[in-house]
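Try each task yourself before you read its solution.

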Amino acid sequence: MQSPTLTQISPNSEVSPGEVLQFRCITPSPTCISVDFSLYKTGTSIKKQTAESTTTFNLTVDASHQGQYTCDYSYRESASSSPRSNSITITVVLGPNPPL
């Protein structure tokens, strides 16, 4: 199994509490069967979803969401998971956003 690709749909790597953070996890080759996707924050599974070849994870940000995110996937009939994806680091900014 090849590792999936994790992309961040939300525009910023710095987010504020209350914002919605979106990640897309994509398998390297299209599947026509459902696979179980898992989203990890700093190595701990925080969300699971079932989809075919791509899924979007939505998280409403709070201070605990700072960290490194990765994803993997597994086929239902197989006990093994894919290697983890690339990682994306998210910084949670508390307080007013600095001017650009």
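**Exercise 1.** Find which residues Thr-27 touches, leaving out those up to four places away in sequence, and decide whether Thr-27 is buried or exposed.

*Solution.* Keep in mind that this is a predicted model.
- Step 1: Thr-27 sits in the loop between strand 3 (20–26) and strand 4 (35–41).
- Step 2: list its partners. Beyond the residues up to four places away, Thr-27 touches Pro-4, Val-35, Phe-37, Ser-53 and Tyr-73.
- Step 3: check the accessibility. Buried means under 20% relative accessible area, and Thr-27 has 7%, so Thr-27 counts as buried.
- Step 4: look for a polar partner. A polar atom of the Thr-27 side chain lies 3.0 Å from the backbone oxygen of Ser-29.

**Exercise 2.** Ser-53 turned up among the partners of Thr-27. Work out where Ser-53 sits and what it touches, again skipping residues up to four places away in sequence.

*Solution.* 
- Step 1: Ser-53 belongs to the loop between strand 5 and strand 6 (54–60).
- Step 2: its contacts, with those up to four places away left out, are Cys-25, Ile-26, Thr-27, Pro-30, Thr-31, Val-35 and Phe-37.
- Step 3: go back to the Thr-27 list, and you'll find Val-35 and Phe-37 there too.
- Step 4: with 17% relative accessibility, Ser-53 counts as buried, because the cut-off for buried is under 20%.

**Exercise 3.** Thr-5 and Ile-26 are 21 residues apart along the chain; how many Å separate their C-alpha atoms?

*Solution.* 
- Step 1: start with Thr-5, which is in strand 1 (residues 5–8).
- Step 2: read off the separation. The C-alpha atoms of Thr-5 and Ile-26 are 5.2 Å from each other.
- Step 3: see who else is there. Apart from residues up to four places away, Thr-5 touches Arg-24, Cys-25, Ile-26, Cys-71, Ser-85 and Asn-86.
- Step 4: Thr-5 has 41% relative accessibility, so it counts as partly exposed.

**Exercise 4.** Now zoom out: how many helices and strands does the protein chain have, and which residues does the UniProt domain annotation cover?

*Solution.* 
- Step 1: count the elements. There are zero helices and eight strands.
- Step 2: turn to the record. An unreviewed UniProt entry carries the annotation "domain: Ig-like" for residues 4–89.
- Step 3: describe that span. Residues 4–89 are 0% helix and 53% strand, and the end C-alpha atoms lie 17 Å apart.
- Step 4: The C-alpha atoms of the chain fill a box of roughly 50 × 20 × 20 Å along the principal axes.
- Step 5: finish with burial. Of the chain's 100 residues, 36% count as buried.

Terms used
Residues are numbered from 1 along each chain as its sequence is written. This is a predicted model: local features need pLDDT of at least 70, side-chain atom pairs count only at pLDDT 80 or more; totals for chains, interfaces and linings use all residues. Side-chain values use heavy atoms; hydrogens and water are left out. Helices (H or I, at least four residues) and strands (E, at least two) are DSSP runs, numbered from the N terminus. Buried means under 20% relative accessible area, exposed over 50%, partly exposed in between (1.4 Å probe, protein chains only). A polar contact is a pair of N or O atoms within 3.5 Å; within protein, one must be able to donate a hydrogen and the other to accept it, and residues adjacent in sequence count only if both atoms are side-chain atoms. Contact means heavy atoms within 4.5 Å. UniProt positions are given in the numbering used here, feature names are shortened, and annotations may be inferred rather than shown by experiment.
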